[in-house]
Amino acid sequence: MEQTLFTLPILPGKTGAARAFLQEVEGSRIQELAACGQSVGIDREVWAIQQTLQGDMYVAYITGEDIAHAFKEFAASQTEFDRWFKQQLQETTGADLNTPPPGPISEILADTMV
């Protein structure tokens, strides 16, 4: 099982839209998110908004068998939900998730359960 964390900076003035997007994902579109995850091999997704001195950021934690493969599958997906999800992220961050992120996934150096 692999896991990754990543951040995406939210564009100035877009935090309200980002919050509404995540509320919709967790609410009326939760089954679609689950189906998306299953189709690309993601077991768990946790999304948050973190306020920082540099501005607000999405923070995501994702687990799955092959995260890099899952990102490539999601980037290529053209289902209605996946297109909507990528569009919402692009509108609030400027990031185009139709292209998988370059480089390796994050290196988790400490993972302790107490």
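The model is predicted: local features need pLDDT of at least 70, side-chain atom pairs count only at pLDDT 80 or more, and totals for chains, interfaces and linings use all residues. Residues are numbered from 1 along each chain as its sequence is written, and side-chain values use heavy atoms, with hydrogens and water left out.

Some terms come first. Helices (H or I, at least four residues) and strands (E, at least two) are DSSP runs, numbered from the N terminus. A residue is buried under 20% relative accessible area, exposed over 50%, and partly exposed in between (1.4 Å probe, protein chains only). Accessible areas come from the Shrake-Rupley method with a 1.4 Å probe; for residues, only the protein chains shown count as cover.

Aromatic rings were examined next. A pair of aromatic rings is described by the distance of the centres and the angle of the planes. Rings of Phe, Tyr and Trp (its six-membered ring) pair if their centres lie within 6.5 Å. Planes under 30 degrees apart count as stacked, over 60 as edge-to-face and the rest as tilted. By this rule there are 10 aromatic pairs. One of them joins F6 and W47: the ring centres are 5.8 Å apart and the planes stand at 85°, so this pair is edge-to-face. F6 belongs to strand β1 (residues 2–9) and W47 to strand β2 (residues 42–52), so the pair ties together parts 41 residues apart in sequence. F6 is partly exposed, because its relative accessible area is 23%. W47 has a relative accessible area of 18%, so W47 is buried.

F6 also pairs with F71. This pair is edge-to-face, with 6.0 Å from centre to centre and 85° between the planes. F71 lies in helix α3 and F6 in strand β1, so the pair ties together parts that are 65 residues apart in sequence. F71 counts as buried because its relative accessible area is 17%. Which residues form one aromatic cluster? The cluster is formed by F6, F21, W47, Y58, F71, F74, F81, W84 and F85.

Charged side chains give a second set of contacts. Side chains of opposite charge can pair when their charged atoms come close. A salt bridge is a side-chain nitrogen of Lys or Arg within 4 Å of a carboxyl oxygen of Asp or Glu. A search of the whole structure finds three. R29 bridges to E24, with the closest N and O atoms 3.9 Å apart. R29 also bridges to E32, where the closest N and O atoms are 2.9 Å apart. E80 forms a salt bridge with R29, again with the closest N and O atoms 2.9 Å apart. This last pair links distant parts of the chain: E80 is in helix α4, and R29 is in the loop between α1 (15–26) and α2 (30–40), 51 residues apart. Together, E24, R29, E32 and E80 are linked in a network of salt bridges.

Is R29 buried or exposed? R29 counts as buried, because its relative accessibility is 11%. Its partners read as follows. E24 is partly exposed at 31% relative accessibility. E32 is partly exposed at 28%, and E80 is partly exposed at 43%.

The surface carries a charged patch. Patches are made of residues with over 30% relative accessible area and no salt bridge: like charges are joined within 9 Å, and nonpolar side chains (Val, Leu, Ile, Met, Phe, Trp, Tyr) within 5 Å. Lys and Arg count as positive and Asp and Glu as negative, while His and the chain ends are not counted. The place of a charge is taken as NZ of Lys, CZ of Arg, CG of Asp or CD of Glu. E2, D43, E65 and D66 form a negative surface patch. E65 sits in the loop between β3 (55–64) and α3 (67–76). E65 counts as exposed because its relative accessibility is 56%.

S77 lies in the loop between α3 and α4 (80–93), and counts as buried at 13% relative accessibility. S77 and S106 are 29 residues apart in sequence and 23 Å apart in space. R83 lies in helix α4 and is partly exposed, at 42%. Its C-alpha atom is separated by 18 Å from that of H69, 14 residues apart along the chain. G94 lies in the segment after α4 and is partly exposed at 46% relative accessibility. The C-alpha atoms of G94 and P9 are separated by 8.7 Å, with the two residues 85 residues apart along the chain.
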